[in-house]
Amino acid sequence: TGSSFYRLRLGTTGPGSSDVYNINYFPSTITSVQVSNIPANGQTLYARLFYYVNGGWSYIDYTYTEP
């Protein structure tokens, strides 16, 4: 909460990678994005969500492994 802008990277090669999806800048009014090339077959997907608060960028990392 409190963020004005976001960045999102999705990748398969490690935290911060963007070989699947990369959007460098979007306003907080956008609450979802559609990604069509999500990997399957047990691959791990790494998500890094950047958020802009108080004049600076921070991020949170997430991982998901497709069963």
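Predicted model: local features only at pLDDT ≥ 70, side-chain atom pairs only at ≥ 80, totals over all residues.

Student: Which strand does Arg48 lie in?

Tutor: Arg48 is part of strand S3, residues 44–53.

Student: Buried or exposed?

Tutor: Arg48 counts as buried, because its relative accessibility is 13% and the cut-off for buried is under 20%.

Student: What joins the side chains of Arg48 and Asp61?

Tutor: A polar contact of 2.6 Å. Asp61 is also the bridge partner of Arg48 in S4.

Student: What else is Arg48 in contact with, leaving aside neighbours within four places in sequence?

Tutor: The list includes Arg7, Leu8 and Arg9, along with Pro15, Gly16, Tyr59 and Ile60.

Student: OK, zooming out. In what order do the strands of the sheet come?

Tutor: The order is S2-S1-S3-S4, in an open sheet of 4 strands with antiparallel pairing. S2 (21–27) and S4 are at the edges with a single partner strand each, so one side of each has no neighbour in the sheet. On average, neighbouring strands are turned by 15° against each other, direction ignored.

Student: How many bridges join S3 to S4?

Tutor: There are 10, and S4 covers residues 56–65. On the other pairing, 7 bridges join S1 (residues 5–11) to S3.

Student: And which residues are the bridge partners of Leu49?

Tutor: Leu49 is partnered with Leu8, and in S4 with Ile60.

Student: Last one: which residue takes a positive phi in the S3 and S4 hairpin?

Tutor: That's Asn54, with phi near 55°; the hairpin has 2 residues between the strands.

Terms used: Residues numbered from 1 in each chain as written. Heavy atoms only, no water. Buried < 20%, exposed > 50% of the residue type's maximum accessible area, 1.4 Å probe, protein only. Polar contact = N/O pair within 3.5 Å; in protein donor to acceptor, adjacent residues only side chain to side chain. Contact = heavy atoms within 4.5 Å. Pairing = 2+ DSSP bridges. Axes fitted to C-alpha atoms, helices over the stretch in contact; angles between N-to-C directions.
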